[in-house]
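Q: I'd like to learn how to read a few features of a protein model by eye. Could you walk me through this one?

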Amino acid sequence: PPAEQSGELVRQRHPQLSSLSSLPAAERSQRETPLQSKRATVEAWLTREASTLQKYRLDLAEQHQKTLALLRKQQTLILDEELIQWKRRQQLAGNGGQHEGGLDILQSWCEKLADLIWQNRQQIRRCEHLTQQLPLPGPMEELLRKLNADITDVISALVTSTFIIEKQPPQVLKTQTKFAATVRLLVGGKLNVHMSPPQVKAAIVSEQQAKALVKNESTNSESSGEILNNNCVMEYHQATGTLSAHFRNMSLKRIKRSDRRGAESVTEEKFTILFESQFSVGGNELGFHVKTMSLPVVVIVHGSQDNNATATVLWDNAFAEPGRVPFVVPDKVKWPQICEALDMKYKAEMHTTRGLTEENLVFLAQKAFTSSSNNPEDYHNMTVSWAQFNRENLPGRSFTFWQWFDGVVELMKKHLKPHWNDGAILGFVNKQQAQDMLMSKPNGTFLLRFSDSEIGGITIAWVAENPNKQGERLVWNLLPYTTKDFSIRSLADRISDLNHLVYLYPDRPKDEVFAKYYTPPLFTSPNPEPSGVASTFMDQGVLPPAGHSSSFTIYHPVGDNILDTDAEFELDYPMDVARHVEELLRRPAVNQWSSQQ
């Protein structure tokens, strides 16, 4: 009790009481009475002072608890909301979403929070020291121990959570290919971690190992792969106050794959790049072992695997939920979610603000669900499974929904981006829709649509007279052009070559749309072209009859059909009409006509 402790203090301060026993009884009695009275007075005073001190200590501990609660609340706001949102934006940026941004602001918040937490921790430690100097019975020591442990946990959470990946490694990772990544410690400058710059190590781990890491379980010591140049020292940049490690020349030398489940392919297997570091703060007062994992990566060994790997990454980035077990994603998602992901990817790859329209998305829904409905509302509650997206082929085709869409994106971004931005390419129109649209327009009206039968193909559909039946009009379709074709001659030049194409749907003269993209002629011939098939095809508004006679041996003999109104153009020779003309145009003028002589 405080009284006993104060009595001991009295005895320590009044040694006279201890020496009374050596005096005669009468003298002892005479001296003892005033000393006892003085002792009682001091004991009462000390008891009051000890009680007051204990109250102050308890009040201070209570204030520390309230401050700790406020710090935790603020930390939750920064780490579990703002930082998580930043990471989510970073993940969506992998699909082409808006750049995550805001990291410098986040760092300033984290640094201010670290400063406050550290100051409070130092205060609590000072209280512990004072309590040890003048111990008083009661709960104080236990309270302070808990406060110290709690605030140490708070600052540990802050430090470990702010060890983040500023620049993610590529999510489709090709072996034997250099790649980069940057990790950053948002509170490194404030805690003076840079005074002894820590080293960061990168390693590739499997999905199973990532799950174990999240559960703080020991992972299999056997590596899932070997990364070259995987060590980097963190550098402090005085101007920006950032502490980061920039891995510039990493490369994945080899990868060890796990046993795949069922229909899962190598391009569905997910890994992650694990970054680890160790350092201490406060003069080695606290030590930290920090880890952070990259977004899921899919490892490929050949470029042909890229489109399927991209599908896995897109699905993961779009539909992963915060706090998931690595790297669980839903097997089925609603169609509007798919639309959002496809539109984001399309605009990013094309570097355009002209995304997919509602009509485009209805076309894609018809393809995904093998449906004929033109009502977008019909698809809002429908779900798409991963298998429908990129595991099972479309009906009657040798490719999946994603492979078809990815082929369109590749073709567009490499060769046709300006025409998409001009609104010249409708693209997402099927053959029947094209026929319905064109039949109400004048002859020579044409549109550009993506091929249903070929990955990365675009075809020209136009309306013209049936050369075999007077008075009948038909819609014709050229065989699809692909990246290979546009590497030889551009779309605009091909359209310029075909004089039977007059108006771009609905009614725009083709030169008004495409002339600015025509290749200037290398020379102008002073003589008109000899009469023949070339001038017939280039100058007339419609194609000649299928049985048109020609002196050029490269054309099919009279009587065989060149046009197939139920499909695209088909020739025994692997060219369509436009390609015949282009072949003629590419030949030297002298050789071109010498065969007639």
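Q: Let's start with a single residue. Is Glu285 buried, partly exposed or exposed?

A: Keep in mind that this is a predicted model. Glu285 has a relative accessible area of 29%, so it counts as partly exposed.

Q: Which residue does Glu285 form a salt bridge with?

A: The general idea first: side chains of opposite charge can pair when their charged atoms come close. Here the partner of Glu285 is Arg121, and the closest N and O atoms are 2.1 Å apart. The pair ties together distant parts of the chain, 164 residues apart. Glu285 sits in the loop between strand S9 (271-281) and strand S10 (286-293), while Arg121 belongs to helix H4 (residues 103-133).

Q: Is Arg121 buried or exposed?

A: Arg121 is buried, with a relative accessibility of 4%.

Q: How many salt bridges does a search of the whole structure find?

A: The search turns up 28 salt bridges. One of these joins Glu142 to Arg145, with 2.9 Å between the closest N and O atoms.

Q: What separates Glu142 and Arg145 in helix H5?

A: About one helical turn, because the two are three residues apart in helix H5 (residues 140-161). Arg145 is partly exposed, at 45% relative accessible area.

Q: Which side chain does Arg449 meet in a salt bridge?

A: That of Asp452, at 3.8 Å from N to O. Arg449 is buried, with a relative accessible area of 1%. Asp452 is buried too, at 17%.

Q: Which residues are linked in a network of salt bridges?

A: Lys345, Glu349, Glu410, Lys413 and Lys414 are linked that way.

Q: Let's move on to helix packing. At what angle do H8 and H9 pack?

A: Two packed helices are described by the angle between their axes and the distance between the axes. For helix H8 (residues 335-350) and helix H9 (residues 358-369), the angle is about 120° and the axes are 11 Å apart. That makes H8 oblique to H9. As for handedness, the crossing of H8 past H9 is right-handed.

Q: Which residues in H8 meet which residues in H9?

A: From H8 you have Trp335, Cys339 and Leu342, and they meet Leu361, Leu364, Ala365, Ala368 and Phe369 in H9. Sort the residues of that contact by type and you get eight nonpolar, no polar and no charged.

Q: Now the backbone. Where is a cis peptide bond found, and what is its omega?

A: As background, most residues other than glycine have a negative phi, and most peptide bonds are trans. In this model, a cis bond joins Pro326 and Phe327, with omega at about -20°. Phe327 lies in the loop between helix H7 (306-319) and strand S12 (332-334). A cis bond also joins Tyr505 and Pro506, where omega is about 5°. Pro506 lies in the loop between strand S17 (503-504) and strand S18 (508-509).

Q: What about phi: what value does Asn229 have?

A: Asn229 isn't a glycine, yet its phi is positive, about 55°. You'll find Asn229 in the loop between strand S5 (225-228) and strand S6 (231-233), and at 51% relative accessibility it is exposed.

Q: And where is Thr370 found?

A: Thr370 is in the loop between H9 and strand S13 (383-385). Thr370 has a positive phi of about 50° without being a glycine, and it is exposed, with a relative accessible area of 56%.

Technical notes:
Residues numbered from 1 in each chain as written. Predicted model: local features only at pLDDT ≥ 70, side-chain atom pairs only at ≥ 80, totals over all residues. Heavy atoms only, no water. Axes fitted to C-alpha atoms, helices over the stretch in contact; angles between N-to-C directions. Helix = DSSP H or I, 4+ residues; strand = E, 2+ residues; numbered from the N terminus. Parallel < 35°, antiparallel > 145°, perpendicular 65-115°, else oblique. Left-handed = near helix turned anticlockwise from the far one by under 90°. Contact = heavy atoms within 4.5 Å. Nonpolar A, V, L, I, M, F, W, Y, C, P; charged D, E, K, R; others polar. Salt bridge = Lys/Arg side-chain N within 4 Å of Asp/Glu carboxyl O. Buried < 20%, exposed > 50% of the residue type's maximum accessible area, 1.4 Å probe, protein only.
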